[in-house]
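User: Could you walk me through this one before I set anything up? I would like the overall picture and then a few individual residues.

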Amino acid sequence: MSFREIQFVKSVVKSEDLPVPGLPEVAFLGRSNVGKSSLINAFLGRKKLARVSSTPGFTRALNFFRVDHRFLVVDLPGYGFARVPPKVQRAWKRLVEGYLSAARPLRLLILIFDLRRRADELDRSLLEYVESLDRPYIVVLNKIDKLSKNERLKARAEWLSVLSLPEEEIFLTSCRTGEGIPAVRSRILSALGLRT
């Protein structure tokens, strides 16, 4: 499925400025530098829609994109690693939690991790928080092109021991090669009730 019209809707830095709920939403959340913007671009079949930055923590707002007037993609600020003052990090945390806990038509949360990295305390805390929300979510283990097949298998097994999701809700992807992207796209469209 290709998307015809993708429009930037709004950038939000305060929870009270969230757009009025309407179209179904899918939200992308991940640690800084896991390839979140690249994954959004790959999902939508665009190269530069979500801004890709070499600077961790570049996304400091919730960015809303309307796709074919059928659903919204929400790009959430990255967490961790960002070289910003604690006050700013706290503001990001309030913003993300404010969005995720609000009464919104969120059909699926896409939680992204770098397959090469082991889950640390920050990742585990995020997973616990997401599970407590009781919202549908999947996990994308990104940057698989950086590992050999044997390394992938080992890293995947380590992540599976941390995650409390069925294996079919865990996806391995590479935004550089496109591997795994069709499966993620199909899962997201299914959550939205759209044909693939």
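**Charges, fold and selected residues**

Analyst: The chain carries 34 positive and 21 negative side chains, and the centres of the two sets lie 7 Å apart. Lys and Arg count as positive and Asp and Glu as negative, with His and the chain ends not counted, and the place of a charge is taken as NZ of Lys, CZ of Arg, CG of Asp or CD of Glu.

User: What should I know about the model itself?

Analyst: This is a predicted model, in which local features need pLDDT of at least 70 and side-chain atom pairs count only at pLDDT 80 or more, while totals for chains, interfaces and linings use all residues. Residues are numbered from 1 along each chain as its sequence is written, and side-chain values use heavy atoms, with hydrogens and water left out.

User: How many helices and strands are there, and in what order do they run?

Analyst: The chain has 5 helices and 7 strands, and from the N terminus on the elements run β-β-α-β-β-α-β-α-β-α-β-α. Both kinds are DSSP runs numbered from the N terminus, helices being H or I with at least four residues and strands E with at least two.

User: What about the radius of gyration?

Analyst: For 196 residues a compact globule would have a radius of gyration near 16 Å, and the chain agrees with that at 16 Å; the radius is taken over C-alpha atoms, and the globule rule is 2.2 Å times the number of residues to the power 0.38. Along its principal axes the C-alpha trace spans about 45 × 40 × 30 Å.

User: And how much of the chain is buried?

Analyst: Of the 196 residues, 48% count as buried, where buried means under 20% relative accessible area, exposed over 50% and partly exposed in between, with a 1.4 Å probe and protein chains only. As for contacts (heavy atoms within 4.5 Å), among those between residues at least 6 apart in sequence, 75% join residues at least 24 apart.

User: Switching to residues, where is threonine 173, and what does its side chain make a polar contact with?

Analyst: Threonine 173 is in the loop between β7 (170-172) and α5 (181-191), and it counts as buried because its relative accessibility is 0%. Its side chain makes a polar contact of 2.9 Å with the side chain of asparagine 142; such a contact is a pair of N or O atoms within 3.5 Å, where within protein one must be able to donate a hydrogen and the other to accept it, and residues adjacent in sequence count only if both atoms are side-chain atoms. Leaving aside neighbours within four places in sequence, threonine 173 is also in contact with residues including Leu39, Ile144 and Val184.

User: Is proline 136 buried or partly exposed?

Analyst: Proline 136 counts as partly exposed, at 39% relative accessibility, and it is found in the loop between α3 (121-133) and β6 (137-142). Proline 136 and alanine 191 are 55 residues apart in sequence and 8.8 Å apart in space, C-alpha to C-alpha.

User: And where is the place of proline 24?

Analyst: Proline 24 is in the loop between β1 (6-12) and β2 (25-30), and it is buried, with a relative accessible area of 17%.
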